[in-house]
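Here is a short report for a first look at this structure. Keep the view open as you read.

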Amino acid sequence: MAAAAVTVPVAAAASSAAGAPAASTTSAGHAASAARPGNALPEAAAATGPSTTITEPSAGSTAENGRVTIRGRYASTSKVTAVTVVLCRPNSPTTCKDYLLASTNGAFATRWRGILTRLTPDSAAGTTGAWSVTLTGLPTAKLRVAAFATDSTTPKGPSTLLDFAVKAPEDPSFISILWGRANWSAAGGVGCVNRPDNARTLEQNAIDLAALGLPAVAQVVTSRVHETKHLCPDNFALESSWADLARLRASYGWSLTSQSNTYPNLTTLSDAGIIAESTGSLPSFTSRGHDRAWGAFAYPNNKQDARVQKIVLRSFAFGRVYSSEINSRATATTFPYPMRTLSVNGGRCHNAALPCSRMAVTNNRLTTSPHVIAKMLKPGPGKWGVVQFYRIVDGVESTMGMNLAWDCSSPHWEDRWTSQPELYCRETMLQALALRNKSAIAADPAAVALSWGRTPWRNSGR
């Protein structure tokens with residue numbers, strides 16, 4: 001049962017993460033975010049104020065099946081408005097490696113986030129009572145929880161700490177959210193001079209996903225990424241910068257994988273050329289601290305053959321191929337090690353009574369149903385669902401027949417349309433993600449590869 005809507009101020013000592021969502025929340029289970037130096041757990045603003053205890057789990061215990069309910073008590077001299085928990089994977093008695101994004105799907109990022117709990121007051125005064133929160137989709141890990149309360153006069157009382165462990169199911173479910181070519185936002189015109197305000201940036205998408213406890217994976221064409229600028233190589237999209245991608249990793253737990261150096265048709269290259277475009281792209285990632293790009297390689301334009309696969313998969317765990325089938329351990333760990341991925345497309349609307357159902361769209365694309373996406377994101381044990389978006393848009397832009405146009409304003413997904421296949425409506429995306437398996441672990445390809453024993457460097461002698 002959901003708690004009543006509340007707002008939780010984050011401690012005054014914490015500064016907001018760059019580009020992160022506001023450091024407050026308006027619904028139970030959504031995360032407040034703040035950056036903290038040294039990856040320390042949030043500290044109390046003062047030694048006085050509302051207090052908390054943790055009654056479950058017990059210190060040093062292990063929760064099974066990737067799921068745990070954390071419970072406790074709160075007390076104050078004035079009405080308590082919220083109890084917030086922060087969970088991390090500790091790397092010392094006083095510091096943390098990273099922090100849980102939200103109550104579902106078990107994803108972590110290096111910036112701490114508070115998760116609101118459900119309050120059950122003892123009386124109308126609200127000065128004492130119980131609190132609880134259930135977390136699902138957790139990986140096997142040692143965890144530390146900090147709980148603090150907020151009342152009408154104190155934004156953050158003293159923290160209560162407890163260490164425990166979680167064990168994931170023997171063969172967990174995984175989901176991954178990919179972004180093709182790491183496009184920053186939709187644009188148009190020579191030099192991308194047309195930059196609509198309602199074309200969502202990749203960081204805005206990251207904020208949406210973080211509220212659901214989901215990180216993502218940006219697939220990068222390295223030659224299109226500037227250190228700080230948004231390039232426009234194709235006149236239809238602005239590209240992310242390395243600075244953007246570093247922020248997505250730090251603030252939202254994103255990972256990067258390779259989509260080659262220059263986006264060629266690999267089947268037309270020599271063996272040496274294929275190596276240069278695939279294995280040769282990895283130093284661009286590792287030199288900037290992105291050490292998980294080996295998890296998957298996205299064949300440019302899905303162009304591949306057995307020769308390309310044999311060369312690429314010496315250095316990468318999986319090769320992305322487009323498919324509507326969910327991955328299994330058996331298929332993904334057998335050559336050519338496919339990462340079957342649903343390509344999410346915009347295009348014509350589904351409502352046959354509307355003109356948008358008959359408009360001209362490249363490749364005759366019909367908007368991907370949110371229920372098709374949701375089906376891919378409902379894997380069972382030992383399965384892995386992967387979906388790929390490109391550029392997300394919102395509201396209304398221009399008119400039907402124009403090159404850069406969309407209407408995402410309808411409350412019904414069947415009525416929404418976009419002028420280009422790689423544009424997709426934000427509300428339809430959120431509708432699909434809300435239907436996902438919330439007990440599946442949100443993971444990048446490298447995490448799945450490690451779990452399933454697909455480690456190419458051990459076979460190649462690297």
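Which residue in E12 does Thr62 stand opposite? Thr62 stands opposite Ala165 in E12.

## The model and its numbering

This is a predicted model, in which local features need pLDDT of at least 70 and side-chain atom pairs count only at pLDDT 80 or more, while totals for chains, interfaces and linings use all residues. Residues are numbered from 1 along each chain as its sequence is written, and side-chain values use heavy atoms, with hydrogens and water left out.

## The chain as a whole

The chain has 10 helices and 28 strands. Both are DSSP runs, numbered from the N terminus: helices are H or I with at least four residues, strands are E with at least two. Of the 462 residues in the chain, 56% are buried. Buried means under 20% relative accessible area, exposed means over 50%, and partly exposed lies in between (1.4 Å probe, protein chains only).

The accessible surface of the chain comes to about 17,900 Å². Carbon and sulfur atoms hold 53% of that surface. Areas come from the Shrake-Rupley method with a 1.4 Å probe; for residues, only the protein chains shown count as cover. Now take contacts between residues at least 6 apart in sequence: 69% of them join residues at least 24 apart. Contact means heavy atoms within 4.5 Å.

## Strand pairings

Return to Thr62 and its partner. Strand E3 (residues 62–63) runs parallel to strand E12 (residues 160–166), and 2 bridges join them. Two strands pair if DSSP finds at least two bridges between them. E12 also pairs with strand E11 (residues 141–151), in the antiparallel sense over 7 bridges. There, Leu143 has Phe164 in E12 as its bridge partner.

Elsewhere, an open sheet of 3 strands has the order E24-E25-E26, with antiparallel pairing. Its edge strands are E24 (396–397) and E26 (417–418), each pairing on one side only. Strand E25 (residues 406–407) and E26 share 2 bridges. Asp407 has Trp417 in E26 as its bridge partner.

## An enclosed helix

Helix H1 (residues 202–211) is largely enclosed by the rest of the structure, because 7 of its 10 residues are buried. Among them are Leu202, Leu209 and Ala210. The cover over the buried residues of H1 includes strands E8 (112–116), E13 (174–179), E14 (183–186) and E23 (391–393). Helices H2 (242–252) and H8 (426–434) are also part of that cover. Gly213 follows H1, with a positive phi near 80°.

## A buried loop residue

Leu266 lies in the loop between strand E17 (255–258) and helix H3 (271–277). Is Leu266 buried or exposed? Leu266 is buried, with a relative accessible area of 0%. Leaving aside residues up to four places away in sequence, Leu266 touches several others, including Ile274, Phe297, Tyr299 and Val312. Leu266 and Val312 are 46 residues apart in sequence, yet their C-alpha atoms are 9.9 Å apart in space.

## Pocket and cavity

The largest pocket holds about 950 Å³ of space. On a 1 Å grid over the protein atoms alone, a pocket is an open set of points with protein on both sides within 12 Å along at least five of seven lines; a cavity is a set where a 1.4 Å probe fits but cannot get out; lining residues have an atom within 4 Å of a point. Grid points are joined across faces, edges and corners, and a volume is the space filled by probe spheres set on the points. The pocket is lined by 37 residues, and Arg89, Asp98, Arg292, Asp444 and Ala447 lie nearest its centre. Helix H9 (445–452) gives the largest share of this lining, 4 residues.

There is 1 cavity of 30 Å³ or more. The largest cavity has about 40 Å³ of space. Its lining includes Trp413, Arg416 and Trp417. E26 and strand E27 (423–425) each supply at least two lining residues.

## Backbone details

Two peptide links deserve a look. The bond from Glu56 to Pro57 is cis, with omega near 0°. The bond from Phe335 to Pro336 is also cis, with omega near 10°.

Asn302 has a positive phi, near 65°. At 25% relative accessibility, Asn302 is partly exposed. Asn364 also has a positive phi, near 55°. Asn364 is exposed, with a relative accessible area of 56%.
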